[in-house]
Amino acid sequence: MKSVYEQNGIRPVINASGRMTALGVSTIAKETAEYMFSAASNYVVIDELLDKAGELISPFTGAEDTCVTPNTSAAICLSIAAIMTGKDMAKIERIPDTTGMKNEVIIQKGHCVDYGAPITQIIRTAGAKPVEVGFSNKTNAYSIEGAINENTACLLYVKSHHCVQKGMVSLEDMIKIAHDHNLPIVVDASAEEDLRKYIAMGADVVCYSGAKAIEGPTSGMATGKKEIISAMKLHYKGFGRVMKIGKENMMGLVKAVEIYSNRDEEAHAKMNEEKVDSLIEALKDVNNIKVSKVFDEAGRKICRCSVTILPESGKTAKEVVKELEGGSPAIYTRNHYVNLGTINFDPRPMIDGDVEKIALRLKEILG
Ligand SMILES: *Cc1c(COP(=O)(O)O)cnc(C)c1O
């Protein structure tokens with residue numbers, strides 16, 4: 001059956017790239033879709049649902065409570081707002097005017113990333129002031145401590161491949177500095193796979209995407225200390241209204257977290273490896289390429305299909321990528337090594353039938 005995109009003349013996409021917002025992030029399980037349909041087809045008291053969703057998700061993160069949000073950005077923004085206002089409704093109704101509130105958010109310069117939007121702008125959206133500490137390639141712990149003053153609201157740590165990986169103050173040390181000064185620390189763990197690790201380390205709030213690793217609907221969550229999470233929920237009666245999530249996505253996230261947390265990781269990794277093996281097999285008679293199976297650089301249990309375009313093809317890897325993206329279906333790949341002549345295919349976002357379509361298209365392009 002044709003997808004609703006194809007039915008409406010929208011170019012279909014094969015995602016062999018990763019959890020990219022620009023491609024729709026991930027696809028949901030049928031069970032999640034069924035949950036969402038039931039949620040969307042019935043009424044509910046939203047405040048009760050918001051609390052219940054937190055109750056259902058928190059056992060999977062180990063935190064005291066969880067606030068569901070429309071995405072990670074909202075989780076970061078609302079948690080910072082909650083830290084600044086507490087549960088004071090007068091202050092909540094004033095955000096983003098933070099006059100008289102502690103409103104500085106300390107972040108390492110190497111963490112000031114643009115993940116598709118600048119994280120410093122997300123901080124400012126709450127009325128907070130990002131205080132960038134250190135240098136693009138190095139931050140010292142004493143610089144973090146030196147930036148703390150009576151206006152400091154919290155520290156923010158970004159755990160991501162987008163960040164500078166060398167020379168930064170570690171999360172362990174940031175947590176210690178924050179707590180030595182009686183300040184909370186928020187962790188942006190948007191695309192991270194471990195839902196428990198940062199809470200277990202002592203972070204006060206951890207923000208996740210519901211659609212990246214968790215493979216739920218467009219959604220997000222902040223999980224952490226009850227005091228901050230309850231204040232966050234109150235912000236939905238203020239500026240948080242511009243970040244409304246809705247009943248069906250709340251329940252979709254609840255189901256997706258449950259499915260994700262109960263997943264057999266070994267079997268999941270094996271299924272992805274089988275996809276890579278079948279792609280390697282399907283690429284056997286494509287000319288002028290060298291195909292191999294490579295394992296994740298960051299040591300995760302992920303393998304990918306690596307295709308090196310040989311000079312005999314008369315095409316560079318960059319040109320091949322352009323042709324893959326320009327066709328219908330558009331095929332998006334992982335291009336970290338494209339300058340070195342290699343294109344990677346990530347099996348995780350690939351769905352049934354993609355292997356054959358990718359092989360066919362590469363045969364057209366390369367002969
Ligand atoms: C993707 C990403 C975000 C944004 O997530 P959304 O759910 O799209 O708002 C924030 N931080 C990091 C590190 C990310 O990778």
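A: Lys176 and Asp180 form a salt bridge whose closest N and O atoms are 2.9 Å apart; the term denotes a side-chain nitrogen of Lys or Arg within 4 Å of a carboxyl oxygen of Asp or Glu. Both residues belong to helix H8 (residues 171-180), where they are four residues apart, about one turn of the helix. Helices (H or I, at least four residues) and strands (E, at least two) are DSSP runs, numbered from the N terminus. Asp180 is exposed, because its relative accessible area is 52%; on this scale buried means under 20%, exposed over 50%, and partly exposed in between (1.4 Å probe, protein chains only).

The model is predicted: local features need pLDDT of at least 70, side-chain atom pairs count only at pLDDT 80 or more, and totals for chains, interfaces and linings use all residues. Residues are numbered from 1 along each chain as its sequence is written, and side-chain values use heavy atoms, with hydrogens and water left out.

Another salt bridge joins Lys293 to Asp277, and here the closest N and O atoms are 2.9 Å apart. This pair links distant parts of the chain, since Lys293 is in strand S9 (residues 289-295) and Asp277 is in helix H12 (residues 265-282), 16 residues apart. Lys293 is partly exposed, with a relative accessible area of 31%, and Asp277 is also partly exposed, at 34%. Salt bridges that share partners also connect Glu193, Asp296, Arg304, Arg334, Asp346 and Arg348 into one network.

In the salt bridge between Arg94 and Asp97, the closest N and O atoms are 4.0 Å apart. Arg94 is partly exposed, with a relative accessible area of 35%, and Asp97 is partly exposed at 38%. The count of salt bridges comes to 26. Side chains of opposite charge can pair when their charged atoms come close.

Two members of the network, Arg334 and Asp346, are also touched by Ser17, whose other contacts include Leu23, Tyr332, Thr333 and Pro349, not counting residues up to four places away in sequence. Contact here means heavy atoms within 4.5 Å. Ser17 lies in the loop between strand S1 (13-16) and helix H2 (30-40), and Ser17 is buried, with a relative accessible area of 7%.

In soluble globular proteins, nonpolar side chains tend to be buried together.

Strand S5 (residues 152-158) is mostly covered, as seven of its seven residues are buried. Three bridges join S5 to strand S3 (residues 104-108), and these two run parallel; strands pair if DSSP finds at least two bridges between them. Cys154 of S5 is the bridge partner of Val105. Four bridges join S5 to strand S6 (residues 185-188), also in parallel, and Val186 in S6 is the bridge partner of Leu156.
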